[in-house]
Amino acid sequence: MPFIKAVILSELEDDVEIYKYIASDLEFKQETNDNFLNGLRGGMNELYTDFKGQFNKLGDCQNFQVSVMYDQYFVRKMQIGKNILLIVIAETDSLDIGSLDSMCSDYRTNF
């Protein structure tokens with residue numbers, strides 16, 4: 001799927017990355033400045049913190065997910081297993097939401 005720019009699997013309790021794919025043309029700005037929190041990395045960090053907080057409040061759930069857009073990127077974070085978070089970053093201009101949904105479903109089913 002050419003529109004996929006990153007796929008990350010994380011374990012929520014211990015904050016461990018299980019798997020990470022990041023396309024070579026997806027650049028995260030490393031500097032911290034006034035615009036940092038408006039960027040993709042700042043947005044992802046904030047979304048991860050919010051997601052983890054909500055996840056801890058909910059306890060066991062089946063299909064908790066959050067999807068947001070940052071500039072030209074669509075970011076989806078969803079639970080695919082107990083304490084396992086799937087993070088997908090896709091380019092919005094070439095995004096095929098049906099294919100993205102299918103891929104996320106495959107991860108959830110086969111994890």
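Modeller: Contact here means that heavy atoms lie within 4.5 Å. On that basis, residues 24 or more positions apart account for 48% of the contacts in the protein with a separation of 6 or more. The model is a predicted one.

Colleague: Which elements does the protein contain, and in what order do they run from the N terminus on?

Modeller: The protein has two helices and five strands. Their order from the N terminus on is β-β-α-β-β-β-α.

Colleague: What makes the five strands a sheet, and in what order do they lie?

Modeller: Two strands count as paired if there are at least two bridges between them. Strand β1, residues 4-11, and β2 are joined over six bridges in the antiparallel sense, so by the cut-off of at least two bridges they are a pair. Within this pairing, Val7 stands opposite Tyr21 in β2. The five strands form an open sheet in the order β2-β1-β5-β4-β3, with antiparallel pairing.

Colleague: Why are β2 and β3 called edge strands?

Modeller: Strands β2 (16-22) and β3 (65-70) each pair on one side only. From one strand to the next, the twist averages 15°.

Colleague: How do you know that helix α2 packs on the sheet, and which strands are touched?

Modeller: Helix α2, residues 97-110, touches β1, β2, β4 (73-81) and β5 (84-91). The direction of α2 makes about 25° with that of β4. The buried residues of α2 pack against β1, β4 and β5.

Colleague: What is the reach of α2 from its first C-alpha to its last, and what is expected?

Modeller: The 14 residues of α2 reach 20 Å from first C-alpha to last, close to the 20 Å expected at 1.5 Å a residue.

Colleague: Why is Cys104 called buried?

Modeller: Buried means under 20% relative accessible area. Cys104 has 1% relative accessibility and therefore counts as buried. This residue is found in helix α2. Apart from neighbours within four places in sequence, Cys104 is in contact with Arg76, Met78, Leu86 and Val88. The C-alpha atoms of Cys104 and Arg76 are separated by 9.2 Å, although the two residues are 28 apart along the chain.

Colleague: How do you know that the buried residues of α2 line one face of the helix?

Modeller: The buried residues of α2 are Leu100, Met103 and Cys104. Seen down the axis of α2, they fall within an arc of 95°, and therefore they line one face of the helix. In general, an α-helix has 3.6 residues a turn, so residues three or four places apart point the same way. On the other side of α2, Thr109 and Asn110 are exposed.

Colleague: What makes up the largest nonpolar core, and which elements contribute to this core?

Modeller: The largest nonpolar core has 14 residues, of which Ile4, Ile80, Leu86, Val88, Leu100, Met103 and Cys104 touch the most other members. The elements giving two or more residues are β1, β4, β5 and α2. Strand β5 gives the most, with four residues. Not counting residues up to four places away in sequence, Ile80 touches Leu9, Leu86, Tyr107, Arg108 and Phe111. A second, separate core of nine residues includes Leu12, Val75, Leu85 and Ile89.

Colleague: What share of the protein is buried?

Modeller: Of the 111 residues in the protein, 39% are buried.

Methods: Residues numbered from 1 in each chain as written. Predicted model: local features only at pLDDT ≥ 70, side-chain atom pairs only at ≥ 80, totals over all residues. Heavy atoms only, no water. Axes fitted to C-alpha atoms, helices over the stretch in contact; angles between N-to-C directions. Core = buried A, V, L, I, M, F, W, Y, C linked by side-chain atoms within 4.5 Å. Buried < 20%, exposed > 50% of the residue type's maximum accessible area, 1.4 Å probe, protein only. Expected span 1.5 Å × (residues − 1). Arc of directions from axis to C-beta.
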